[in-house]
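Let's take a walk through this structure together, one interface at a time. Have the model open beside you as you read.

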Amino acid sequence: MEDLRNKARELLAAKAVQVVVGYGRGTGASRRAVFIQSAAEAGELLFDNACRQNLAVYLMKPEVRKLGKMALVAIPATLRTILQLASENQIQDLELLALVPDASGAVTQLATFAAIEAHVVLQDNDLSAAEKGELQKYEIMGMEQRRQFWEEHFSRCLKCYACRAACPLCYCSRCTVECNQPQWIPVPAHDLGNLEWNIMRAMHLAGRCINCGDCSRACPVGIPLHLLNQKLISEVYTHFNSRSGMAAKADHAMSTFKPNDAEDFIR
Amino acid sequence: MAIETTSIKRETLEKLFSNWLSEGKRILAPKKLGDHVDFALVGSLAEVSLDQVQTVQSPKIAVFPRVEELLAFQSTDGNVQLRERDLAVLPETVIFGLRPCDAAAFASLKAIFDWDTPDKLFSARLEKITVVGLSCSRADEYCFCTSVGGGPGAAAGSDILLTDMGREDFLLEIISEKGRQAVRSVSAGLQPDAAMDKESRLARVTPAFTVEKISSVLAALFDDASFWEKQSLRCLGCGACAYVCPTCACFDIQDEGGASGKRLRCWDSCGFGLFTLHTSGHNPRPLQSQRWRQRLMHKFSYMPERQSVLGCVGCGRCSRACPVDMNMVEHMRAVAEAKP
Ligand code: SF4
Ligand code: SF4
Ligand code: SF4
Ligand code: SF4
C-alpha cells in the first residue's frame, strides 16, 4: 500500500500526472474510486481484494478527463480496457499511466501501450474456473429454456442504464437506445423494450467486452448480464480466435471487414 | 384519529391475509427473489420476507409503475379519438411490510403529483392502497430516517403499523380509518396491547445531520461549483438512484404504435445527461456535478420550499443501489459541514 501511495506522491509532486485515479475507503468494507490530485491526499489510496471496480470507466468521463493526465490504478481487466479503448481510437498512447499493484504491494508503472501489452500477455485473461462453470450450466439449457431464462430476468430490468454507465466500453455520446429518429429501441421498460435493449447492448459488446463484470455488479435488480457477455466472449474466441483488450492496434471480430472474409453476405 | 394500539398473533395476521385476498385485494410485499428482496405480489404471509433492512425497489411501484399507459389513441383520416384509462378497474392493493421511511414517502410523491393540477391516475392509485408498515428492528450504514424527520417506528404514512415483538406476536397500531377498515374482519382476534415495549424492538439510527442546518447551507452552496465537482466526480450518471428511490417522481412520455397506439409514462432521472437537453442542442446542465446538485437541491431545498415536504425519507436505497458507492448520508453530512 505504501508503495502505491509513494508512487502517487512522486508522480503528483513531479507533475508527471495531474490525477491518480485509485481506490479508497467506501461504505462499510467496500472500496470506491478516489481522485487524488495532490501528494497530500495520497494517503487515501488503498489496494486489496475488495478493489473491484474497473476504473478505466473514468477515462471516458469528460469531467475526469479534463483534470489532466491520469495515472490509473489497474487490475487485470482495467489493463485490457485500456488496450481495447486504444484499439477503438478512444485514447492516445502516453495519455495516461497505469499503476499495477501486485499481491505483495509492489507497484509496476506502465507508461506506454507497448508496456501494457507486454504486461497483459503475461496475466490470465481467460474466464475464471468459476465463470466457466457458470457458463457451462447456462449452456446445457435448451433454446426454449434460455429464452425463458432471459425473459424472466429482463422483465425485471428498470432501464436505469447503470450497466451502460458502469461499462467502460459503453462510451457512446448518444447511445442507440436514445436515438429517436428513427427510434430503434422502445424506450419504455416493458418486456419488448427491455429485451431489445439488453440484446442490443450485448451485441454492441460482442468482441469488445473485456469481462470486468461491472455491468452485472452495477445492475440493481441482479440481472446476470455477465453471462451474456461471457457467452459472447467464448463464441468470439472459438470462431475468430480473438480476445478483446490484448493489443492497442487490433482487428475487431464484429466490425472489421476484409475481402477474404468467409461470409459473403457483406460483399 | 387517535392511534389505537392492540396486538395480533401471527396466525391472525395469516387469516387477515386470506381475508384481504378473498375481498379481491392484491397484496404487495417484500419477497425473496434470488439473492435479493424486492416487492412482489404475494398470496400468503409465509411468502413475505420480514427481516431484510430494505428491499431493492421502493413501493412507489404501486402508485407510479415504471411504465404506465396514460391513454390510448386512434387516428382515422385525421380524426383522433382518445380513450382515457378506466380508473375503476385499478386494483385495491394492500402494501404489506414496507418500512416506516417508505410509508412516509407517499406524502412526497403526492406533493409532486397533486401539485397544481392533481394527477388523476396517481390519485386513483393512491386512493386504492392500504399501507401496512412494519417497524425496523435493524438498520444499516445507509439508513438515515432520523435525520429527515422519520424513525424506525414512525407511524406517518402508514394506515396500520406493525412491530414484530417476537414469539409470533406483533404490536398493531391502527393509524387511520382506512387501517381500521382493513383489520375489521379480524377485530375479534385483536388483543389489547399487554404493555408491549415497542421501543425496545426498534433499530437505533443516530441522526447524522439536521434539516435546519442543510436548508441554511444549501441555497448558499448552489454556486460553489468546486464543491459539487468534488462530491460528484465518481458519479456515472445512471438512473439507478432515482429508480429505486421512493420519492423520485420524474417521468418521460412516450407514444407507441403509430396511428393507433398508447401514450405511456416512463420513469426518468435528472442524473441522465440527456434529461435536460433542449431541442436546440443547448443543455442547461451539461455536467454531472450540476446534475448531482440538482438531485440534492430538489430533495432538500426546492421541495421543502415549494411543497413544504422533504423529497427524501432516508431509506438509503439510492446508496445501496449506486454502482460507485455514492452514499447519500455521507453527502448530506458534507453539505451540513460545508462553509459556503
Ligand atoms: S449499448 Fe451500444 S450504443 Fe449504447 S453506449 Fe453501449 S455500445 Fe454505445
Ligand atoms: S443495470 Fe440492470 S436494471 Fe438497469 S438497465 Fe441495466 S439490466 Fe436493466
Ligand atoms: S434520496 Fe435516497 S435515501 Fe432519500 S428517499 Fe430517495 S432513495 Fe431514499
Ligand atoms: S449517484 Fe450512483 S446511482 Fe446515482 S446517477 Fe450517480 S452513479 Fe448512478
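A salt bridge here is a side-chain nitrogen of Lys or Arg within 4 Å of a carboxyl oxygen of Asp or Glu. This is a predicted model, in which local features need pLDDT of at least 70 and side-chain atom pairs count only at pLDDT 80 or more, while totals for chains, interfaces and linings use all residues. Residues are numbered from 1 along each chain as its sequence is written, chains are lettered from A and ligands numbered from 1 in the order in which they are written, and side-chain values use heavy atoms, with hydrogens and water left out.

## Two domains in chain B

Chain B splits into domain 1 (4-69 + 85-201) and domain 2 (211-337); such bounds come from an automatic or database domain assignment. Taken over C-alpha atoms, the domain centres lie 26 Å apart. In contact (heavy atoms within 4.5 Å) are 38 residues of domain 1 and 37 residues of domain 2.

Together these two domains bury about 3000 Å², with 62% from carbon and sulfur atoms. Buried area is the accessible area (1.4 Å probe) that two parts lose on being put together, summed over both. On the domain 1 side, B:Phe64, B:Tyr142 and B:Phe144 supply 22% of the buried area, more than any other three residues. Five salt bridges cross this interface. In the one between B:Asp102 and B:Arg317, the closest N and O atoms are 2.7 Å apart.

## Where chain B meets chain A

Between the chains, 39 residues of chain B and 40 residues of chain A make the contact. About 2800 Å² is buried, 59% of it on carbon and sulfur atoms. B:Arg66, B:Leu233 and B:Leu236 lose the most area in chain B, together 23% of what that side buries.

Three salt bridges are found across the interface of chain B and chain A. A:Glu41 and B:Lys230 form a salt bridge through their side chains (3.9 Å, N to O).

## Around the ligands

Which residues are the closest to ligand 3? They are B:Cys245, B:Cys312, B:Cys315, B:Gly316 and B:Cys318, among 13 residues that surround the ligand; a residue counts as near if one of its heavy atoms lies within 4 Å.

Ligand 1 sits among residues of chain A, including A:Cys170, A:Cys172, A:Cys175 and A:His204. Helix H8 (residues 191-205) of chain A gives the largest share of this shell, four residues. Helices (H or I, at least four residues) are DSSP runs, numbered from the N terminus.

Conventions:
Helix = DSSP H or I, 4+ residues; strand = E, 2+ residues; numbered from the N terminus.
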